[in-house]
Amino acid sequence: MSTAAAAAPTNKSVWNNWPHFIAGFAAGGTETFFSHPIDTYKVRVQTRVHDGVGIGASYRQGFSVREISSLYRGIGPALSRGIIAGALFLGSNEYFKVVLGASDNDQFSLPFLGAATLTGVVETLIYSPFELLKTQLQVGNHKTSRQGVAALYQTGGIRALYLGLTPLLGSHCMGNVGFFVSYGLIQKHLGGTRDKGTPSVLSTTLAGGVAGGMYYLVGHPLDTVQACMMAQRYPRERFANTRDCIQYLLRQPGGWRVMFRGVVPNILQAIPGGASSMLAFEAALPFLLKYRDGDTAAKNLE
C-alpha cells in the first residue's frame with residue numbers, strides 16, 4: 001500500500017481536522033464581540049412587527065434605548081453560541097468537504113454545496129437553544145440567562161428550547177451556501193486560495209466581508225421568521241408553526257417587504273463580522289496546521 005493511500009482514511013477523521021475547529025473558535029468569538037450590538041438592534045427591528053409599527057418607524061425605534069450598554073444585552077449566550085458556531089461553521093465545513101471530496105476550486109459542485117448544507121444542519125441542531133435564549137434576552141422576555149432557561153424548560157421541556165427550529169435550519173443552510181460559495185469565488189479570483197499559501201489580509205478582508213453579507217442576505221427572510229417565533233413568550237405562542245408565522249408576516253403592512261425587516265443592520269453586522277472572523281481564522285490556521293503536521297511527523301518517526 002502506498003503512503004498516499006494509507007493517509008487518505010486518516011484525512012477523513014474529524015480529529016485530523018481539529019485545527020479548523022480550533023481556528024473556528026477564535027473566528028466565532030471575534031465576530032460575536034464586534035457584531036453583537038448591531039444584532040441586538042436588528043432583532044428589535046424585526047420583532048416590532050407585533051406592535052403594528054411601520055418599517056420606517058421600526059428602524060428609528062430600534063435605537064430608542066436608555067444607554068448604549070443595552071446593545072450588549074444577551075452577550076453571554078451570544079458569545080457561547082458564537083464560539084461554538086464558529087468552530088462548527090468552519091470546522092464542520094472542512095470536515096464535510098474532505099468526506100464528500102469537495103474541491104475549493106469548484107464552488108458549484110454538488111460535494112461543495114452539500115458540505116455547506118450539512119454544516120448548516122449540524123450548527124442548527126447544536127446551538128438553536130443558544131439563539132433562542134439570546135433572542136429572548138434581547139427583546140426583554142427575561143432578565144438573565146439562568147432565568148430564561150429555567151422558565152422555558154419548566155413550561156415546555158426540551159421542546160421549548162427548540163422554538164423556531166425550522167426557519168433557523170432553513171436560514172442557516174441557505175446562508176452557508178451563500179457564504180462559502182462567495183468566499184471561495186472571491187479568494188480564487190484574488191489568488192488567495194490556500195493551495196498557494198496563506199491568503200493575504202486584503203483578499204481575506206474582501207472575501208470575508210462579501211461572504212458575510214451574502215450569508216445574511218440569502219437567509220434573511222427565514223431569519224425574520226425565526227426571530228419572530230423565538231421572541232414569543234412560551235407557552236403563550238402567537239404562531240402555531242413556521243407556515244403560520246410566514247402568513248402572518250405577509251399580511252402585515254408592506255407585505256413581502258416585512259420579510260426583509262432588519263436586512264440593512266443585518267448586512268452592516270455581517271460585513272465587519274465576516275471580515276474579522278475570517279481574518280482571525282486564516283491567521284490562526286497556519287500555526288495550528290503546522291503544529292498538527294509536525295506532531296504527526298514526530299509520531300511517524302517513533
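Q: How do the axes of H4 and H5 cross, and within what distance do they come?
A: They come within 8 Å and cross at roughly 170 degrees. H4 and H5 are therefore roughly antiparallel to each other; the label goes to angles over 145 degrees, with under 35 being roughly parallel, 65 to 115 roughly perpendicular and the rest oblique. Axes here are lines fitted to C-alpha atoms, for helices over the stretch in contact, and angles run from 0 to 180 degrees between N-to-C directions.

Q: What classes of residue make up that contact of H4 with H5?
A: It divides into 19 nonpolar, five polar and five charged residues. Nonpolar covers Ala, Val, Leu, Ile, Met, Phe, Trp, Tyr, Cys and Pro, charged covers Asp, Glu, Lys and Arg, and the others, Gly among them, count as polar.

Q: What kind of model is this?
A: A predicted one, where local features need pLDDT of at least 70, side-chain atom pairs count only at pLDDT 80 or more, and totals for chains, interfaces and linings use all residues. Residues are numbered from 1 along each chain as its sequence is written, and side-chain values use heavy atoms, leaving out hydrogens and water.

Q: OK, at what angle do H4 and H7 pack?
A: About 60 degrees, with the axes of H4 (residues 75-100) and H7 (residues 165-189) 12 Å apart. That makes H4 oblique to H7. Helices are DSSP runs (H or I, at least four residues), numbered from the N terminus.

Q: Which residues meet there?
A: Arg81, Phe89, Leu90 and Asn93 in H4 meet His172, Asn176, Phe179 and Phe180 in H7, contact being heavy atoms within 4.5 Å. By class that's four nonpolar, three polar and one charged.

Q: And what about H5 and H6, at what angle do they pack?
A: About 125 degrees, with the axes of H5 (residues 110-138) and H6 (residues 145-160) 11 Å apart. H5 and H6 are therefore oblique to each other. H5 brings Leu132, Leu133, Gln136 and Leu137 to the contact, and H6 brings Ser145, Gly148, Val149, Leu152 and Ala160.

Q: What's the volume of the largest cavity?
A: About 530 Å³, a volume being the space filled by probe spheres set on the points, with grid points joined across faces, edges and corners.

Q: Which residues lie nearest its centre?
A: Glu31, Arg81, Tyr215, Tyr216 and Gln269, out of 35 lining residues. H2 gives the most to that lining, with eight residues.

Notes:
Helix = DSSP H or I, 4+ residues; strand = E, 2+ residues; numbered from the N terminus. 1 Å grid on protein atoms, 1.4 Å probe; cavity = no way out; pocket = protein on both sides within 12 Å on 5 of 7 lines; lining within 4 Å.
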